[in-house]
Amino acid sequence: MILTEKQLKAIYPKFNMDYLPMLNEVLPQYRINSKPVIAAFLAQVMVESKGFTKLRESLDYTPER
């Protein structure tokens, strides 16, 4: 299954389309290839990366956290 720009804009209007070709290349390699699995993957990645705007972990943690 290939993701389209239209699909990603419907899911997340601020999505940086520069990442679309990479997603379409990598998703099948990791068997992320059905609608439910793609939806779960994108939901997790969008939250973790703030919509692909944060590409590095901050590592700004304290023992209390």
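Q: Is S34 buried, partly exposed or exposed, and why?
A: Buried means under 20% relative accessible area, exposed over 50%, and partly exposed in between, with a 1.4 Å probe and protein chains only. This is a predicted model, where local features need pLDDT of at least 70, side-chain atom pairs count only at pLDDT 80 or more, and totals for chains, interfaces and linings use all residues. Residues are numbered from 1 along each chain as its sequence is written, and side-chain values use heavy atoms, leaving out hydrogens and water. Because its relative accessibility is 28%, S34 counts as partly exposed.

Q: Where does S34 lie?
A: Helices are DSSP runs (H or I, at least four residues), numbered from the N terminus. S34 lies in the loop between α2 (20–29) and α3 (35–49).

Q: Which backbone oxygen does the side chain of S49 reach?
A: S49 is in helix α3. At 7% relative accessibility, S49 counts as buried. At 2.7 Å, the side chain of S49 reaches the backbone oxygen of V45.

Q: How far apart in space are S34 and M22, C-alpha to C-alpha?
A: In sequence, S34 and M22 are twelve residues apart. In space, C-alpha to C-alpha, the distance between S34 and M22 is 17 Å.

How values were computed
Helices (H or I, at least four residues) and strands (E, at least two) are DSSP runs, numbered from the N terminus. A polar contact is a pair of N or O atoms within 3.5 Å; within protein, one must be able to donate a hydrogen and the other to accept it, and residues adjacent in sequence count only if both atoms are side-chain atoms.
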